[in-house]
Structure formats: structure tokens, C-alpha cells
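Work through the exercises below with the sequence and the model at hand. Try each task before reading its solution.

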Amino acid sequence: MNGEHDAMAASRQPIGHAGIQAGLGVLGSSIMAALAWQFFEVYFAIGGTVPTAAPSDGLRYLVTAGLGVTVVAASLVLALLRRKVLAVVCSLALAIGMFGFAYVLAVPQNRWNQDPVHEPLPADYRPCFSGSNDCPGG
């Protein structure tokens, strides 16, 4: 009877920092998988044209990526506070993976490299060529 009591008491021990660290790692990995799934869900097409992302898809990406960055930041901070080298290395690997997934699998695809907005030239614009001596202002 006493052995069962000890086993039950041991199972009720609070989760330590290592358990929280492992949970954050699993959660971060799951969020990376969710980012990959969301990208696949928006852009997968067999033949035909590649679909465009709806604004709701972009918002879903921002929420998922933001949550992922928060989780890996918490994991890294906890690892640094624990001063465990393996935990820091694993958290850094998770952080690099999360930022890589968030960058490469962005929705919409041109989120990071949008074309600059070109304003139209005024109607009275006249190009000035070097050596023409008829440029405004000299």
C-alpha cells in the first residue's frame, strides 16, 4: 500500500522547468507544422493557376507566426535562465527554424518583398539630360 502512495505522490509533483521547456519545444514544433499546413492549404494547386491568398489567410498567418515567435522566445528565455547548454542550443535551433518557416512560408507570398509604389509623374514633367543646358534650375 505504501508503494502505491509514493507513486501517486510522485505523479503529483509540479512540472519543473525542464517539463515546461519540453512543452514549449513541442508547442513550437507544432506551430511550425501549422505554418507549413497553412501555406500548403492556401497555395497548393494541381495544374491551373496558383490561387491568391485572401486577407483572412494573411491574418491567420500573422496570428500563427506571432504565436510561434512568442513561444520560441519564451523557450529561449527559459533556457537562458536555466543555464543549460543543451536547452539553449535546442531553443536556438527552434527559434531559427521558426523564423525560417515564418519567412519562407509567408502568406501572402510577397509579404516580405512587395514592389514599391510608384507615383505618377506630373503632367508638366520634362526629363533633364546631362549636357542639354536647358534643365530647370541650372
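**Exercise 1.** Work out how Phe39 and Tyr43 are placed relative to each other in helix H2 of this predicted model.

Solution. 
- Step 1: Start with the sequence positions. Phe39 and Tyr43 are four residues apart in helix H2, so about one helical turn separates them.
- Step 2: Recall the general rule. An α-helix has 3.6 residues a turn, so residues three or four places apart point the same way.
- Step 3: Turn to the rings. Three aromatic pairs are counted in the model. Phe39 and Tyr43 form an aromatic pair, with 5.0 Å from centre to centre and 50° between the planes. Stacked pairs have planes under 30 degrees apart and edge-to-face pairs over 60, so a pair at 50° is tilted.
- Step 4: Check the surroundings. Both Phe39 and Tyr43 are buried.

A further group of rings, Trp37, Phe40 and Phe44, makes up one aromatic cluster.

**Exercise 2.** Decide whether Val42 is buried or exposed, and find what it touches beyond its sequence neighbours.

Solution. 
- Step 1: Locate the residue. Val42 belongs to helix H2.
- Step 2: Compare its accessibility with the cut-off. The relative accessible area of Val42 is 8%. Buried means under 20%, so Val42 is buried.
- Step 3: List the contacts. With neighbours within four places in sequence left aside, Val42 is in contact with Pro51, Ala53, Asp57, Arg60 and Val107.
- Step 4: Look along the chain. Pro108 is 66 residues from Val42 in sequence, and the C-alpha atoms of the two are separated by 8.9 Å.

**Exercise 3.** Describe the setting of Thr64.

Solution. 
- Step 1: Thr64 is part of helix H3.
- Step 2: Its relative accessibility is 12%, so Thr64 counts as buried.
- Step 3: The side chain of Thr64 reaches the backbone oxygen of Arg60 at 2.9 Å.
- Step 4: Apart from neighbours within four places in sequence, Thr64 is in contact with Ile31, Ala34, Leu35 and Gln38.

Conventions
Residues numbered from 1 in each chain as written. Predicted model: local features only at pLDDT ≥ 70, side-chain atom pairs only at ≥ 80, totals over all residues. Heavy atoms only, no water. Phe/Tyr/Trp six-rings, centres within 6.5 Å; stacked < 30°, edge-to-face > 60°. Helix = DSSP H or I, 4+ residues; strand = E, 2+ residues; numbered from the N terminus. Buried < 20%, exposed > 50% of the residue type's maximum accessible area, 1.4 Å probe, protein only. Contact = heavy atoms within 4.5 Å. Polar contact = N/O pair within 3.5 Å; in protein donor to acceptor, adjacent residues only side chain to side chain.
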